[in-house]
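Please look through the structure below with an eye to its open spaces, its sheet and its charged pairs. The report that follows takes these topics in turn.

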Amino acid sequence: MMRRLRFNGTGSGEGGCPSVHEDADSGEIIVHGPPLTDPEDIAQLRHLSEGEVPIVVPRELVADWGPKDVTRNARIIDLDAFGQLFERFEHSAWRLETRRRYASDEATDTWAQFVRGETPTWDLSSPYSVTIRGKTTGGARVGRVRLVDDPATQGQRYLLAYAEKNTALGEDIRNLSRTEADRLHLPTEDFWLFDSRLVALLNFTDDDELVDVELITEPAEVVRYAMVRDAAMHHAVPYRDFLAGMSTREQ
């Protein structure tokens, strides 16, 4: 079976070599670079088996880009502490929304209005709304890419409507089909990236309830999530255009 390789990083060589990739399914690491060819150097290597090829990799490539998931200790915070992150970020906050349903949405009055076929009445005076509006009017960038299935789930359709509120707060809301996200090998994790230095990985129950948040600050890990953001933003579509395209296909 063909591997699903995810690019992790590159050394200083031209043409992206040497580089590190990770098998998205098995977690195995694939490294490519210039071969070690001097016979005297090769003779010093221990445990080089038949068929194996030694390559030269800069130390900083492994240190900076080698996955640390096996050794990283999870730092878990509760939802109150998570909420404080929106008050503390300075420059940017960005989210990838990957789930087909969020249970918290379904407990709101606007959800009830939506499922009745009404235009929801958005509250722009909630604490979150005031915080985000203050951030965006002050020059900070807040955005999201939301994955959408084909056909879209009811929860995803609700969020397409909710994007009107997000936009009123100054957020940049875009959508991406799940098929395209899979083609790009985007992760299934739902996360926020704050100031390109802190990742908040959202943990959900099987019933789609948000229970807690894992904070990730390791530089190589944060950079990989930033690469996910860049890829998602490049391929995603502004939500109004995405919604118009959905309407056209459904006619």
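## The largest pocket

In this predicted model, helix α3 gives the largest share of the lining of the largest pocket, namely 5 residues. The volume of the largest pocket is about 950 Å³, and of the 33 residues that line it, R95, S104, D105, Y128 and Y162 are the closest to its centre. The elements that contribute two or more residues to this lining are α3 (79–88), β5 (92–97), α4 (109–115), α5 (127–137), β6 (141–148), α6 (154–168) and β9 (198–204). By residue class, the lining of the largest pocket divides into 15 nonpolar, 7 polar and 11 charged residues.

## The sheet

An open sheet is formed by 8 strands in the order β4-β10-β9-β8-β5-β6-β7-β11, with mixed pairing. At its edges stand β4 (75–77) and β11 (237–238), and each has a single partner strand, so one side of each is left without a neighbour in the sheet.

Strands β5 and β6 run parallel and are joined by 6 bridges. The bridge partner of E97 in β6 is R146.

## A pair that also lines a cavity

The side chains of E97 and R146 also meet in a salt bridge, at 2.8 Å from N to O. This pair links distant parts of the chain, since R146 lies in strand β6 and E97 in strand β5, 49 residues apart. R146 counts as buried because its relative accessibility is 4%, under the 20% cut-off, and E97 counts as buried at 4% relative accessibility.

E97 and R146 are among the residues that line the largest cavity, together with T98, R99, Y102, L147, V148, Q156, L159, L160 and N175. The elements that give two or more residues to this lining are β6 and α6. The largest cavity has a volume of about 50 Å³, and its lining residues divide into 5 nonpolar, 3 polar and 3 charged.

## Other salt bridges

The search of the whole structure finds 16 salt bridges. In one of them R174 pairs with D172, the closest N and O atoms being 2.9 Å apart; R174 counts as partly exposed at 22% relative accessibility, and D172 is partly exposed with a relative accessible area of 30%.

In another, the side chains of E221 and R224 meet at 2.1 Å from N to O. Both residues lie in helix α8 (residues 219–235), 3 residues apart, or about one turn of the helix. E221 counts as buried at 4% relative accessibility, and R224 is buried with a relative accessible area of 10%. Salt bridges that share partners also join R95, E97, R144, R146, E171 and D190 into one network.

Note on methods. Residues numbered from 1 in each chain as written. Predicted model: local features only at pLDDT ≥ 70, side-chain atom pairs only at ≥ 80, totals over all residues. Heavy atoms only, no water. 1 Å grid on protein atoms, 1.4 Å probe; cavity = no way out; pocket = protein on both sides within 12 Å on 5 of 7 lines; lining within 4 Å. Points joined across faces, edges and corners; volume = space filled by probe spheres on them. Helix = DSSP H or I, 4+ residues; strand = E, 2+ residues; numbered from the N terminus. Nonpolar A, V, L, I, M, F, W, Y, C, P; charged D, E, K, R; others polar. Pairing = 2+ DSSP bridges. Salt bridge = Lys/Arg side-chain N within 4 Å of Asp/Glu carboxyl O. Buried < 20%, exposed > 50% of the residue type's maximum accessible area, 1.4 Å probe, protein only.
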